[in-house]
Amino acid sequence: LVVSRRIERLGRLARFRLSRGLERKRQLMRRWSALCPENFRHKLQLMDAERARLRRDRSRARQLYREARISARQAGFPLNAAVARELAGRFELQTGRLDEARRHLSEARSDYAAWGASAKVDLMARELAEL
């Protein structure tokens, strides 16, 4: 997820190399997801959402962020659900849908707070103060 967030800032050759590496990791996650969907489906969905975002497939990205959040919650991974919500909010911020961004980011902060990640809550508050 970190690489997918930074890849857009890189030159063409570095982007190509990292894209190949990301695809290998995605295939590995796909296998793990097939073996144990409860633990890995939401992670694959998050990877696929970021992939769709990079490909500028907005509707697919939105759908996958939502599915990742739901899968993570159902499988008992509240932190991963918060990450999915945060990434969806940042995506909506990039696309100019400010109301959606605010909603997702506010709920992500609440989810992080409920999980006990106070440093993350504080960081988001400072970073997104203008929202």
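1. Salt bridges. The structure holds 13 salt bridges (a side-chain nitrogen of Lys or Arg within 4 Å of a carboxyl oxygen of Asp or Glu). This is a predicted model: local features need pLDDT of at least 70, side-chain atom pairs count only at pLDDT 80 or more, and totals for chains, interfaces and linings use all residues. Residues are numbered from 1 along each chain as its sequence is written, and side-chain values use heavy atoms, with hydrogens and water left out.

2. Helix α2 (residues 12-35). Glu23 and Arg26 both lie here, 3 residues apart, about one turn of the helix (helices are DSSP runs of H or I, at least four residues, numbered from the N terminus). Their side chains meet in a salt bridge, 3.0 Å from N to O. Arg26 is buried at 10% relative accessible area; Glu23 is partly exposed at 26% (buried means under 20%, exposed over 50%, partly exposed in between, with a 1.4 Å probe and protein chains only). Asp48 and Arg51 join Glu23 and Arg26 in a network of salt bridges.

3. Helix α5 (residues 78-95). Its 18 residues reach 26 Å from first C-alpha to last, close to the 26 Å expected at 1.5 Å a residue (1.5 Å times one less than the number of residues). The helix is mostly covered, with 13 of 18 residues buried. Gly96 follows α5, and its phi is positive, near 85°.

4. Pairs involving α5. Arg90 and Glu86 sit 4 residues apart in α5, about one turn. They form a salt bridge at 2.9 Å, N to O. Arg90 is buried at 17%, and Glu86 is buried at 7%.

5. Arg97 and Glu92. Their side chains meet in a salt bridge at 3.3 Å, N to O. Glu92 is buried at 3%, whereas Arg97 is partly exposed at 35%.

Methods: Helix = DSSP H or I, 4+ residues; strand = E, 2+ residues; numbered from the N terminus.
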